[in-house]
Amino acid sequence: MAVVASETPFHVLAVDDSLPDRKLIERLLKTSSFQVTTVDSGSKALQFLGIHDDDASTVSVHAHQLDVAVNLIITDYCMPGMTGYDLLKKIKESSSLRDIPVVIMSSENIPSRINRCLEEGADEFFLKPVQLSDMSKLKPHILKSRCREHYEQEQQHQQSDSNSNDCSSPTNMSSSSDSSRKRKAEDNEEILPQKNRPRHS
Amino acid sequence: MRNLRLNSDSRRAARGDRAGALIRTGRILSRLGYLDEQFCQVEDLQDEASPNFAEEVATLFFKDSARLISNVEQALEKYPKDFNRWDAYMQQLKGSCSSIGASRMKSECMSFRDYCGQGNVEGCMRSFHKVKREHGALRQKLEAYFQLLRQAGPAGAATRPGM
């Protein structure tokens, strides 16, 4: 598997209901060499990520997801309708999205709020106004989650590789190799990157 | 009096001392506390690809904040003594001020929220009036500032005041 040292920029989805704030975060991200998509609500974010509000727990595949890989989500906390915290929960409940790092932004410095978000799985909390220096904190989270994903896929590769050794000799047509082959096929389905998971570029 | 100073600055700018005029305007705005360090951060995000970024953000801010002010205004009328609601609306406005570095306006927003916490209707009304006044004053000053920047052209942009 190729080492992921790509020149393709990482893609960040930014969620904020305030238009000037969206413009600011977009500029901050672009200045820091990220590719950016901005949306103005949690539900639009979920739409973009390809899951519906009501069935976030099921893995669902949408055609456009094949083109869209999101490497990190940064969201405002205080938004009408779905708050950043609600969005965070939906993302963590989704088997397809839960590995995407999530950063929460808020103009209010409320420790209980910050802790609640971190406990729910947010990777970072930024106090608004967000600074250019905050942007350097994003890449480590993206790389960490990719390493984890890479490691998991490697583990599954190794498992299926050890199975295929049994099947390699064509004369070895015992029932054990049949079941290994079957298992290998199942493993392949698992290790094939799920279409709605962020892909390596 | 301050307006006069701006005018003499503008005249000097017309004579070619545009960079000087900008620096003076910028210092006026920050010395008077209208804008804080955050505004500098916003300006620092400008480059050749986005030369008018600060002005674009400011424009969006004034549009957004006008709407948020109107939300507060309506809430004060329609929901008497609903301090939680008033506070929630003002929190949004305060956040917006934070993002652009509108420090005087932001501190009036904070006063309003303090009065909400105290359940002080009179205090809320007074500070809301001040919020609106600061909003208008900032808009006026920033418009003058950006106009000067435009007049100065690329030379002016290069010697942008370090506020």
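Two strands pair if DSSP finds at least two bridges between them, and strands here are DSSP runs of E with at least two residues, just as helices are runs of H or I with at least four, numbered from the N terminus. On that basis His11(A) stands opposite Gln35(A) in E2(A). The model is predicted, so to speak of local features requires pLDDT of at least 70 and side-chain atom pairs count only at pLDDT 80 or more, while totals for chains, interfaces and linings use all residues. Residues are numbered from 1 along each chain as its sequence is written, chains are lettered from A and ligands numbered from 1 in the order in which they are written, and side-chain values use heavy atoms, with hydrogens and water left out.

**Sheet of chain A**
- Five strands make up an open sheet with parallel pairing, in the order E2-E1-E3-E4-E5, and its edges are E2 (35–39) and E5 (124–127), each of which pairs on one side only.
- Neighbouring strands are turned by 20 degrees against each other on average, direction ignored, where axes are lines fitted to C-alpha atoms (for helices over the stretch in contact) and angles run from 0 to 180 degrees between N-to-C directions.
- Strand E1 (residues 11–15) pairs with E2(A) in the parallel sense over five bridges.

**Helices on the sheet**
- Helix H1 (residues 19–31) of chain A lies across E1, E2, E3 (72–76) and E4 (102–106), running at about 170 degrees to E2(A).
- Helix H4 (residues 111–120) of chain A packs on the sheet and touches E4 and E5, its direction making about 150 degrees with that of E5(A); contact means heavy atoms within 4.5 Å.

**Strand E4(A)**
- Five of the five residues of E4(A) are buried, a term that means under 20% relative accessible area, against over 50% for exposed and partly exposed in between (1.4 Å probe, protein chains only).
- Both faces are covered, with Val102(A), Ile104(A) and Ser106(A) buried on one side and Val103(A) and Met105(A) on the other.
- Four bridges join E4(A) to E3(A) in parallel, and Asp76(A) has Met105(A) as its bridge partner.
- E4(A) also pairs with E5(A) in the parallel sense over four bridges, where Glu124(A) is the bridge partner of Val103(A).

**Glu108(A)**
- Glu108(A), placed in the loop between E4 and H4 of chain A, is buried with a relative accessible area of 11%.
- Beyond neighbours within four places in sequence, Glu108(A) contacts Arg113(A), Phe125(A), Leu127(A), Gln91(B), Lys94(B) and Arg113(B).
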